[in-house]
Amino acid sequence: MVMNAIGMAKPSIFIAQQLPPSIAPDLSSNPYIHRSGSSSSSRRRRDLVFVVNPRGANGWTGKEWKRLLPFLKSRLCSDYNIFESLTAGPSHAIDITREAIRDGADAVIAVGGDGTLHEVVNGFFWCGKPVSSQDQRDAHTTALGLIPLGTGSDFARTLGWRNDPHEAVERIAKGLRSWIDVGVITGDNGEPHHFINIADIHLSAKSGYYASRYKRFGNLCYVIGTLQAFMGHCNQDLRIKIDDGDWEIYSQVTALCIGNAKYFGGGMKICPNAEPSSGNFEVVVLQDFKWYDFILKLHRLYNGTHFSLKNVTSRRAHSILVEEISGCGIIHVQSDGEHLGFLPRKFCILSGVIQMLT
């Protein structure tokens, strides 16, 4: 892990308690630069850990982060100890976040797109339970922060935030916090996976899988991914159970989206009524869409007016269990743009489980 203290004199260094090898195999040989200055002033200063994906958006994230640093230091260094941690690959942000929370960080801030935010959110949990500080006397809660510097930044859209890093720094400086919900996904192996934005099934999940190959084209990658996903695509019948009720059959499902927030796919307002503090998902089902429907109705999906279409339905849910009927075993599942595998899956909401800097 690369962890640097920014704008700090005479930093003291200690080795953080190691996570189990299965969780963080690459942390055992890396020092965690923690605090600076006198012990009395350090106790008054709080620690902010910025988790940066320097390769995000084809390297644009790393370049913008370097440009932002002088302003960030001028606004935050008088009140906070600032740490920069650069991710080295997939899942690294999860390990960084867990270690920072256990070491009592005041906030962990994701710097990048929805993929980086997704990993940081998963770092707030371990084995399905929230991670907490190692110091049992420390009653404070580590907050989640976001500087949107990625390709999509769809979660930021739900909160009405512009893709402006200076505005994001000002939010961090104000320190206002709000409790938000997080979704959790479990499969046959029972291992939980968390998401903050939208989980989706079938065509949209397959589209995201293909779109990841075309990130060099910016938001256009989502359109390219969808068109490629439609090649050879077949709508499928799904079996769905809402809030532990009776099983229901949804025929010819094109895509099923489970929204904790409104947007995915680079600005597509697929779950227009979803709110990340409502305590419920918005579940949107698209049925019997053909490739030409996607082209003709794409504008409705982006502006959130698709509920007027007869083959689109929406409902609220606290939990949803989804199974395929055909037994083909190839119905894709993703969350926050990260491919997770295939059905069956259960999705549940954890109400007010994370504090976010808003």
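## Aromatic pairs and a helix packing

Phe195 is buried, at a relative accessible area of 0% (buried means under 20%, with a 1.4 Å probe and protein chains only). The model is predicted, so local features need pLDDT of at least 70 and side-chain atom pairs count only at pLDDT 80 or more, while totals for chains, interfaces and linings use all residues. Residues are numbered from 1 along each chain as its sequence is written, and side-chain values use heavy atoms, leaving out hydrogens and water.

Phe281 also counts as buried, at 0% relative accessibility. Across the whole structure, a search finds four aromatic pairs (rings of Phe, Tyr and Trp, the last by its six-membered ring, with centres within 6.5 Å; planes under 30 degrees apart are stacked, over 60 edge-to-face and the rest tilted). Two of them are tabulated here.

| Pair | Centre distance | Plane angle | Class |
|---|---|---|---|
| Phe195 and Phe281 | 5.7 Å | 10° | stacked |
| Phe230 and Phe294 | 5.9 Å | 50° | tilted |

Phe195 belongs to strand β11 (residues 193–195) and Phe281 to strand β15 (residues 281–287), so this pair ties together parts 86 residues apart in sequence. Phe230 in helix α8 (residues 220–230) and Phe294 in helix α9 (residues 291–303) are 64 residues apart; both are buried.

Helices α3 (residues 92–102) and α4 (residues 114–123) pack with axes 7 Å apart, at an angle of about 40°.

Methods. Axes are lines fitted to C-alpha atoms, for helices over the stretch in contact, and angles run from 0 to 180 degrees between N-to-C directions. Helices (H or I, at least four residues) and strands (E, at least two) are DSSP runs, numbered from the N terminus. Buried means under 20% relative accessible area, exposed over 50%, partly exposed in between (1.4 Å probe, protein chains only).
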